[in-house]
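Here is a friendly walk through one protein model. Please keep the sequence and the 3D view side by side as you read.

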Amino acid sequence: MRIIHKWEPWFFIFFGVFHMHRIWALIDRVSYADFWLGVMKSKGLLYFLLMGILSALCILGIVTFIRERGRNYWWRWIYIFGGSYLLFDLFAIATGLKFWQDLLDKMFDTNSPYWNCIWGFFILLGGFVFGLGITLLIRQRKEKSSLD
């Protein structure tokens with residue numbers, strides 16, 4: 001039997017809000033870029049807190065996908081692809097991989113003609129993932145109420 005684990009809707013809601021916060025990038029490019037480049041370069045408490053939370057959630061998702069082999073919902077593939085990408089991203093930032101830092105520098109270039117496209121994509125992705133989380137929460141509650 002397929003089940004939606006208690007934490008799964010919240011996983012998607014968290015990542016959705018995390019991606020949608022990039023609306024700030026469309027409102028004030030400079031402060032957004034300065035804040036996140038500062039967080040990544042300073043590697044302070046906020047950096048390690050976010051790295052820990054994001055890494056733990058990605059690992060939890062990947063482990064869930066593996067444990068539920070044969071009983072996975074379509075959206076659990078997000079754990080594999082999104083989680084693997086994010087773990088690589090966090091690793092590349094933490095180790096200072098040159099090609100990745102060059103990519104980040106281009107992404108955070110406030111004069112880039114692609115700025116709105118880049119951050120708009122992340123906002124749309126966040127909206128989709130947030131919506132998925134809400135849908136899973138509703139579905140989970142319906143399943144629970146039908147079992148009661």
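## How the helices pack

The buried residues of α1 pack against α3, α4, α5 and α7. Here buried means under 20% relative accessible area with a 1.4 Å probe, counting protein chains only. Helices are DSSP runs of H or I with at least four residues, numbered from the N terminus. The model is a predicted one, in which local features need pLDDT of at least 70, side-chain atom pairs count only at pLDDT 80 or more, and totals for chains, interfaces and linings use all residues. Residues are numbered from 1 along each chain as its sequence is written, and side-chain values use heavy atoms, with hydrogens and water left out.

The residues of α1 that are buried are E8, P9, F11, F12, I13, F15, G16, F18 and H19. For α7, the buried set includes W115, W119, F122, I123, V129, L132, L136 and Q140. Among the elements covering the buried residues of α7 are α1, α2 (23–27), α3, α5 and α6.

The lengths of these two helices can be set beside their expected spans, taken as 1.5 Å times one less than the number of residues.

| Helix | Residues | End-to-end C-alpha distance | Expected span |
|---|---|---|---|
| α7 | 33 residues | 48 Å | 48 Å |

Now for the inside. A nonpolar core is a set of buried Ala, Val, Leu, Ile, Met, Phe, Trp, Tyr and Cys residues joined through side-chain atoms within 4.5 Å. The largest such core has 35 residues, and F12, F15, W75, F108 and W119 have the most contacts inside it. Two or more residues of this core come from each of α1 (8–20), α3 (29–42), α4 (45–67), α5 (77–95), α6 (98–107) and α7 (115–147).

Which residues does F108 contact, leaving aside its neighbours within four places in sequence? They are Y32, A33, W36, L37, M40, W115 and W119, where contact means heavy atoms within 4.5 Å.

Stepping back, the protein chain has 7 helices and 0 strands. Its C-alpha trace spans about 55 × 30 × 25 Å along the principal axes. Of the 148 residues in the protein chain, 40% are buried. Of the contacts between residues at least 6 apart in sequence, 73% join residues at least 24 apart.

Technical notes:
Buried < 20%, exposed > 50% of the residue type's maximum accessible area, 1.4 Å probe, protein only.
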